[in-house]
Amino acid sequence: MSSIRSNIALNTVNTITSVLFPVITFPYAARVLMPDGIGTISFLNGIISYIVLITSLGIPLYAVKKISEVRDNEVLRNRTVLEILTLNALLCIAGYIIVGLLARLVPEIHARSEIFYALSLSILFTTIGVEWFYQAIEDFKYITVRAVIVRTAAAACLFIFVRTPADLLNYAFITVGSTIGNNIINFWHLRKYKIFAPGNGFSISLTKISSHLKPALMVFSITAISSIYLSLNSVMLGFMATESEVGLFAAATKITQIAITVIFSAGTVLLPRFANLEATGNITEFKSLSEKALNLSLMLSLPIVAGLMILSSPIILIFCGADYRSSITLLVLNSPMIFFSTISFLTGIQILYPKGKIYIVVWSACAGAVVNLLINFLLIPHYGAKGAAVSIVIAELTVLTVQLIWGRKYLPFSVSRIFELRYYIATFVMVAALLPVVLFTNLSNIALLLIVPFAGMLIYFVCLLAAHDKLSSELFRRLCGRTHC
């Protein structure tokens, strides 16, 4: 089995390529397909993502835990994989019944049924992909190598087969292929582990298969609510506004999601450590690590939010093109959700979940979903994509507020620590120094994106070092140690 250090390194490579793929491909697709085309894909894919969520039924997360428990017993492991696969296949059939009904009965979907059916391939690929198996046995080398190859091939296909707005169906197939099309390879690769060998003693037993249903449903309740923010706004915009509005909103949210992915990847590796410290009762170390994680969350999220807001114009114009100029305002409105999401990820997933307080995380997500839904109904008819952008920020704030109020006695740090002034002051100084450069100079958009982030990072960390911030000082010492400064 691979070491934890190598697994972290491989996971980092996988995360970086997952971030680079949309950075490289979305600007091209946005310019070729225009807001209407991107809006169509976002609207239909949002609906498909809900069906995938239903047909997955929490199985991916549940299966990782279940297979991990029996991975050293090959016969029992393989039998469990086949049982879970069978359950997933039955749910997949139900999913395609839903797809067929929607394509026939909903006019907005029926008019684009070819694209809808193409995107629905993700349901099948998710079922046969068994990504959870490779995660459970910690085959991160295979996961990373396969993902890099498939993303590279998908990017090449995009530039070859998507040339005009009429190539929307091609883009739909590539969208599926770039995300989970590699699951075909996953299924074929199962032969290496003799999953389908006759000696596994597998027989169709509804009792055995259904035994996985209840624990998977418990995980599903968390996954279902958490995924609402990824698709609900695009779907509601598609029904209540125009496809162009969906495309403009998708452009802004694509950028914020990239930023969130980068921040979360830095914090995700801490989750197993938190769980271990809680299980072993090492409260002192748990508290110390929590405080460092909070400082890291503040240090990363605040300047990223500020940077996206002051650079919203060059980012949108370079990343998406002049046709998405209206997305500039949407990016400004949408950016604060990065901060709220980062802190709630820390308090909810990294602290409350390992402490066994998952019900607080679930109810906070429920509160956010209800707020998101209500505000969408109020604002989208009048303000379109701007209303959706405001809605998702308020929803994320609601999630964080519920966690802080309800779960404050379980947090190893005071809630007031979230308002550590040095990070806010350093961010303010950075913005005050750079905003005139953005507003009152004649630098090109490319020059701004090359100069301002670097200068902002320098100003920000100098301010933190001047304030004797321990985390910044530690990072500076390590950097100097490696570069012999």
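This is a predicted model: local features need pLDDT of at least 70, side-chain atom pairs count only at pLDDT 80 or more; totals for chains, interfaces and linings use all residues.
The nonpolar interior was examined first. In soluble globular proteins, nonpolar side chains tend to be buried together. The largest nonpolar core here has 100 residues. Ile38, Phe116, Tyr171, Cys320, Tyr324, Phe339 and Tyr423 have the most contacts inside this core. Helix α1, residues 4-56, supplies the largest share, with 14 residues.

Neighbours within four places in sequence are set aside here. Tyr324 is then in contact with Ala30, Met34, Pro35 and Ile38, among others. Its contacts also include Gly247, Leu248, Ala251 and Ile316. Of these partners, Ile38 is itself listed with the residues that have the most contacts inside the core.

Beyond residues up to four places away in sequence, Leu44 touches Ile109, Arg112, Ile115, Phe116 and Leu119. Leu44 and Ile109 are 65 residues apart in sequence. In space, their C-alpha atoms are 7.3 Å apart.

Helix α23 spans residues 445-466 and has 22 residues. From its first C-alpha to its last, α23 reaches 31 Å. That is close to the 32 Å expected at 1.5 Å a residue. Ala447, Leu448, Val452, Gly456, Tyr460 and Leu464 of α23 are buried. An α-helix has 3.6 residues a turn, so residues three or four places apart point the same way. Just after α23, His468 takes a positive phi of about 60°.

Charged pairs were considered next. Side chains of opposite charge can pair when their charged atoms come close. The structure holds four salt bridges. Glu420 forms one of them with Arg417, and the closest N and O atoms are 2.5 Å apart. Glu420 has a relative accessible area of 17% and is buried. Arg417 is buried too, at 18%. Glu420 also meets Arg422 in a salt bridge, at 2.9 Å from N to O. Arg422 is partly exposed, because its relative accessibility is 24%.

Arg422 has a further partner. The side chains of Asp469 and Arg422 meet in a salt bridge at 2.6 Å, N to O. Asp469 lies in the loop between α23 and α24 (470-483), whereas Arg422 belongs to helix α22 (residues 421-440). The pair therefore ties together parts that are 47 residues apart in sequence. Asp469 is buried, with a relative accessible area of 0%. Shared partners join Glu291, Arg417, Glu420, Arg422 and Asp469 into one salt-bridge network.

The surface also carries nonpolar side chains. Leu90, Ile93, Ile97, Leu101 and Leu105 form a nonpolar patch there. Together these residues have about 530 Å² of accessible area. Ile93 is found in helix α3, which covers residues 74-105. Exposed residues are those over 50% relative accessible area. Ile93 therefore counts as exposed, because its relative accessibility is 53%.

Key. Residues are numbered from 1 along each chain as its sequence is written. Side-chain values use heavy atoms; hydrogens and water are left out. Patches are made of residues with over 30% relative accessible area and no salt bridge: like charges are joined within 9 Å, nonpolar side chains (Val, Leu, Ile, Met, Phe, Trp, Tyr) within 5 Å. Accessible areas come from the Shrake-Rupley method with a 1.4 Å probe; for residues, only the protein chains shown count as cover. Helices (H or I, at least four residues) and strands (E, at least two) are DSSP runs, numbered from the N terminus. Buried means under 20% relative accessible area, exposed over 50%, partly exposed in between (1.4 Å probe, protein chains only). A nonpolar core is a set of buried Ala, Val, Leu, Ile, Met, Phe, Trp, Tyr and Cys residues joined through side-chain atoms within 4.5 Å. Contact means heavy atoms within 4.5 Å. The expected span of a helix is 1.5 Å times one less than its number of residues.
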